[in-house]
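Here is a short note for someone opening this entry for the first time. Please keep the sequence and the model side by side while reading.

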Amino acid sequence: MIKPFKLGYAEFNCLDAEKMENYYSDVMGMTVTDKTRDTVYISSGTDHHTVVLKHSNESSLDIIGYQIEQNVELNDVVKILVAEGIRAEVKSDARPGVHQLVELQDPDGFTLQLFHEIETPAPGYKENGISPFKLGHIAIGSMNAKKSTDFYMNVLNFSYTDTIGTRATFLTCNTDHHVLNVSSFGHKMMHHIAFELKDTSHHVRSADILAKNEMPIVWGPSRHTAGHNMATYHHDPELNLIELYIDMDQYIKPLGHFDPRPWHEELPLKPRVWEDNCAWYTKYETTILDAVLKKTELQPI
Ligand SMILES: [Fe+2]
């Protein structure tokens with residue numbers, strides 16, 4: 001059984017990779033670990049890379065890397081995928097820091113890379129910049145959300161944790177409430193990417209750092225219903241929506257419910273359907289979605 005347990009990295013096509021590198025290095029407080037002629041590798045603190053920026057003529061999310069349990073050899077991972085009708089291949093030394101990986105595409109055409117090991121040069125956490133704990137989750141827009149969630153649940157063995165109406169389905173491959181959420185937008189797109197912070201004081205510091213860099217918070221702080229993460233959202237220099245969050249619900253799979261918290265609407269809280277995504281009634285402004293869709297129109301992925 002293929003069992004991812006960690007969101008490893010996100011690789012972006014960038015119109016201006018230098019500007020994006022400055023944002024991740026100076027504002028996000030992450031560390032450049034490697035650089036080739038057209039690609040920059042950036043670590044949040046331990047792994048060789050967490051975010052990768054590639055010079056391109058478009059701006060889009062291109063590759064998502066998941067670390068998978070070692071109980072299945074990579075050659076057998078390919079066999080399992082091929083048996084499901086999915087094209088996949090083992091690649092060696094396809095990227096720095098990852099000796100071997102299996103590459104495939106999800107139903108929307110996002111490139112997925114599954115790997116057992118990534119080098120851990122551990123550049124550490126920076127004192128300047130936001131310096132998030134980790135890359136926590138990615139929210140994607142799908143051409144066919146049911147097909148996509150079926151793939152992640154049945155082939156990659158993600159667990160279902162929540163739904164918001166008929167819009168978004170939340171999935172996890174570890175204890176975090178979600179590592180991936182899939183929405184029906186009728187086309188392939190990235191809605192946002194999210195990094196975990198330590199606590200509310202870290203959130204306040206992040207907001208001050210964003211303000212000093214003239215980067216407005218476009219939504220939040222708000223506590224969500226699905227996941228109960230307290231989040232703010234801002235745009236990176238290429239209009240990718242970036243979430244910074246704390247307090248993500250932890251899913252105890254053997255119990256089928258979330259680790260109880262005082263702010264939960266019911267105890268014990270189990271995966272369910274929510275009407276809205278704002279526990280504090282801080283409405284999601286349609287202008288934010290407009291900005292996401294505008295980017296998608298301008299730079300289709
Ligand atoms: Fe999120």
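1. Start with the metal site. Along the chain, the donors of the iron ion follow the spacing H-x54-H-x50-E. Keep in mind that this is a predicted model.

2. Which protein atoms are the donors of the iron ion? They are NE2 of H137, NE2 of H192 and OE of E243. Their distances from the iron ion run from 2.0 to 2.1 Å.

3. The site joins distant parts of the chain. H137 sits in strand 9 (residues 134-142), and E243 sits in strand 16 (residues 241-246). These two residues are 106 residues apart.

4. Now the overall layout. The domain assignment gives domain 1 (4-115) and domain 2 (134-298). Their C-alpha centres lie 20 Å apart.

5. The two domains touch. On the domain 1 side, 37 residues are in contact with 38 residues of domain 2. About 2,900 Å² is buried between the domains, and carbon and sulfur atoms give 71% of that area.

6. How many salt bridges does the rule find across the interface of domain 1 and domain 2? It finds zero. Polar contact does occur there: the rule finds eight such residue pairs across the interface.

7. Strand 1 (4-14), helix 1 (17-27), strand 5 (60-68) and strand 8 (111-115) each supply at least two residues of the side that touches domain 2. Strand 1 gives the largest share, 10 residues. By type, the residues of that side divide into 25 nonpolar, six polar and six charged.

Notes:
Residues numbered from 1 in each chain as written. Predicted model: local features only at pLDDT ≥ 70, side-chain atom pairs only at ≥ 80, totals over all residues. Heavy atoms only, no water. Domains from an automatic or database assignment. Contact = heavy atoms within 4.5 Å. Buried area = accessible area lost by both parts, 1.4 Å probe. Salt bridge = Lys/Arg side-chain N within 4 Å of Asp/Glu carboxyl O. Polar contact = N/O pair within 3.5 Å; in protein donor to acceptor, adjacent residues only side chain to side chain. Helix = DSSP H or I, 4+ residues; strand = E, 2+ residues; numbered from the N terminus. Nonpolar A, V, L, I, M, F, W, Y, C, P; charged D, E, K, R; others polar. Donors = N, O, S within 2.8 Å, 3.2 Å for Na, K, Ca; no water.
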